[in-house]
Amino acid sequence: MGLKPNSLAFIGLCNEYCTLVENAVEMRPAEFISGALRVLPRLYISASDLDVARLSEYAPDIESALEEDYYEAVRRNIENLLGPDDVYLEVFEKEMKYSDTPIGASVAEGMADLFQIIYNFISTVRYADEETISELLVSMQEEFTSYWSQLLVNLLRPLNNIRYNVLEEEEDIEI
């Protein structure tokens, strides 16, 4: 039977995202942001296009593989890399409807939250058989529609702003 090409592409993009986030500490801000702006839209499209069907009534759980210390190190590395540009105003927060006060969000925290979901998936898929991988893909697709799709697109706005406004302004200053 075999996994469909879009499933394999999704798994590859998940791995690419994890590699980007894990290597953030070794990158310049422009390099990291450029990488994120390349992988996040592709990850969104790939997750949207997953063509998987539940094979059994009971889907296997995506195991929690990411340790809290590693999550925190990843988050802190991105926060340090972005500096003051890490914080942005979030408009798609449920509480925003009832608030007169803007709600701040962190790119680093969003990237780390997404990393946790994807890292756990990749860690679980790594040693799974084909049928289990198909079921895990269904779980990821369900989580995508209910949670992390919004998280992902929320990250694009501040990253885009940093890339095309903040970094270009800094480049103009250096000239």
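User: Which residues touch the most other members in the largest nonpolar core?
Analyst: F10, Y17, L40, M111, F121 and W148 do, out of 53 residues in that core. A nonpolar core here is a set of buried Ala, Val, Leu, Ile, Met, Phe, Trp, Tyr and Cys residues joined through side-chain atoms within 4.5 Å. This is a predicted model, so local features need pLDDT of at least 70 and side-chain atom pairs count only at pLDDT 80 or more, while totals for chains, interfaces and linings use all residues. Residues are numbered from 1 along each chain as its sequence is written, and side-chain values use heavy atoms, with hydrogens and water left out.

User: Which elements give two or more residues to this core?
Analyst: Those are α1, α2, α3, α4 and α5. Helix α5 gives the most, with 13 residues. The helices (H or I, at least four residues) are DSSP runs, numbered from the N terminus, and strands (E) would need at least two.

User: And what does Y17 touch?
Analyst: Leaving out residues up to four places away in sequence, Y17 touches V39, L40, L43, M111, L114, F115 and I118. Contact means heavy atoms within 4.5 Å.

User: OK, rings. How many aromatic pairs are there in the whole structure?
Analyst: The search finds 7 aromatic pairs. Rings of Phe, Tyr and Trp (its six-membered ring) pair if their centres lie within 6.5 Å; planes under 30 degrees apart are stacked, over 60 edge-to-face, and the rest tilted. One of the pairs is F10 with F121, which is tilted, at 5.7 Å centre to centre with 55° between the planes.

User: Where do F10 and F121 sit?
Analyst: F10 is in helix α1 (residues 5–22) and F121 is in helix α4 (residues 107–125), so the pair links distant parts of the chain, 111 residues apart.

User: Are those two buried or exposed?
Analyst: Both F10 and F121 are buried. Buried means under 20% relative accessible area, exposed means over 50%, and partly exposed is in between (1.4 Å probe, protein chains only).

User: Why is the Y44 and F144 pair edge-to-face?
Analyst: Because the planes are at 65°, with the ring centres 5.2 Å apart. This pair also links distant parts of the chain, with Y44 in helix α2 and F144 in helix α5 (residues 130–174), 100 residues apart.

User: How accessible are Y44 and F144?
Analyst: Y44 has 31% relative accessibility, so Y44 counts as partly exposed. F144 is at 5%, so F144 counts as buried.

User: Which residues do the ring pairs link into a cluster?
Analyst: F10, Y44, F121, F144 and W148.

User: Y44 again: which residues make the nonpolar surface patch with Y44?
Analyst: I45 and V153, and the patch is about 240 Å². I45 is in helix α2 (residues 29–48). Patches are made of residues with over 30% relative accessible area and no salt bridge: nonpolar side chains (Val, Leu, Ile, Met, Phe, Trp, Tyr) are joined within 5 Å, like charges within 9 Å. The areas come from the Shrake-Rupley method with a 1.4 Å probe, and for residues only the protein chains shown count as cover.

User: Switching to charges. How many salt bridges does the structure hold?
Analyst: There are 6 salt bridges, each a side-chain nitrogen of Lys or Arg within 4 Å of a carboxyl oxygen of Asp or Glu. Among them is E16 with R42, where the closest N and O atoms are 2.8 Å apart. E16 is in helix α1 and R42 in helix α2, 26 residues apart.

User: What about their accessibility, E16 and R42?
Analyst: E16 is partly exposed, with a relative accessible area of 33%. R42 counts as partly exposed at 36%.

User: Which residues are linked in a network of salt bridges?
Analyst: E72, R75, R76 and E79. R76 meets E72 at 3.7 Å, N to O, and E79 pairs with R75 at 3.2 Å between the closest N and O atoms. R76 and E72 lie in helix α3 (residues 68–82), 4 residues apart, about one turn of the helix. E79 and R75 are also in helix α3, 4 residues apart.

User: Is R75 buried or exposed?
Analyst: At 15% relative accessibility, R75 counts as buried. E79, at 30%, counts as partly exposed.
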